[in-house]
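Dear colleague,

Please find below the structure that I am handing over to you. A summary of what was found in it comes after.

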Amino acid sequence: MFLYEKNFELQKAKALESLKEALEKGLVDKDIISLLKKINSLENYFTTSSCSGRISVMQMPDFGDKLNAVWLGKWHREVELEEVLEAIGKHSEGMLWFMLHSPILHISAKTLKDAVELLNLAISCGFKHSNIKSISHKKLVVEIRSTERMDVPLGMNGELWVSEDYLKRIVEIANLQLRRAKEKLRRLENEIERLLKA
């Protein structure tokens with residue numbers, strides 16, 4: 001038996017306690033809570049982190065400097081053009097980005113067999129970029145991730161490089177992509193529910 005199998009129950013108990021605290025503080029995306037609870041109800045799995053997918057506007061001091069970046073707007077739902085324009089209006093320095101990121105979940109599995117089964121299930125639900133993120137003596141983690149993504153540079157140091165009409169179009173595309181990603185989450189939740197009833 002691998003060490004991560006021996007420590008699994010202890011790690012799961014700690015992770016569930018952390019999730020409980022995060023839920024109490026309102027730090028978990030509301031539209032993914034039901035899925036997290038179902039995954040954590042499965043005997044051989046527990047969630048360690050998650051995001052239900054988001055659209056955001058970010059100000060970065062320098063290209064690639066995410067450590068010192070500032071969120072000007074962040075939504076885990078579809079957005080209106082006016083909301084994006086309001087966020088852009090806060091931009092003063094550095095690079096300005098409009099981004100869409102797909103849902104992402106990190107899930108610990110008890111055995112390699114469990115990890116492979118979950119990975120195959122996620123891929124069948126449309127999460128094509130899913131993988132086994134970590135195999136070590138301490139943990140075994142599956143990353144569930146999809147293909148929806150946009151990283152669009154909008155301007156720099158307060159100067160906007162794009163027109164409002166262009167922004168309107170990328171907001172429409174981002175909303176469409178996010179809608180598609182959320183549908184994959186619903187498919188995954190239905191499959192997990194089926195496993196719970198089996």
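The notes below cover the numbering and basis of the model, then the sheet, the helices and a hairpin.

This is a predicted model, in which local features need pLDDT of at least 70 and side-chain atom pairs count only at pLDDT 80 or more, while totals for chains, interfaces and linings use all residues. Residues are numbered from 1 along each chain as its sequence is written, and side-chain values use heavy atoms, with hydrogens and water left out.

Helices (H or I, at least four residues) and strands (E, at least two) are DSSP runs, numbered from the N terminus. Five strands form an open sheet in the order 3-2-4-8-9, with antiparallel pairing (a pair requires at least two DSSP bridges). Strand 3 (70-75) and strand 9 (159-160) are at the edges with a single partner strand each, so one side of each has no neighbour in the sheet. Strand 2 (residues 54-60) is joined to strand 3 by five antiparallel bridges, and Q59 lies opposite V70 of strand 3.

Helix 6 (residues 164-197) packs on this sheet, touching strands 2, 4, 8 and 9 (contact means heavy atoms within 4.5 Å).

In helix 3 (residues 33-41), the buried residues are L35, L36, K38, I39 and N40 (buried means under 20% relative accessible area, 1.4 Å probe, protein chains only). These buried residues pack against helix 2 (8-24), strand 1 (45-51), strand 5 (104-109) and helix 6.

Finally, strand 6 and strand 7 form a hairpin with four residues between them. Four antiparallel bridges pair strand 6 (residues 131-135) with strand 7 (residues 140-145), and N131 stands opposite E143 in strand 7.

Yours sincerely

How values were computed:
Axes fitted to C-alpha atoms, helices over the stretch in contact; angles between N-to-C directions. Buried < 20%, exposed > 50% of the residue type's maximum accessible area, 1.4 Å probe, protein only.
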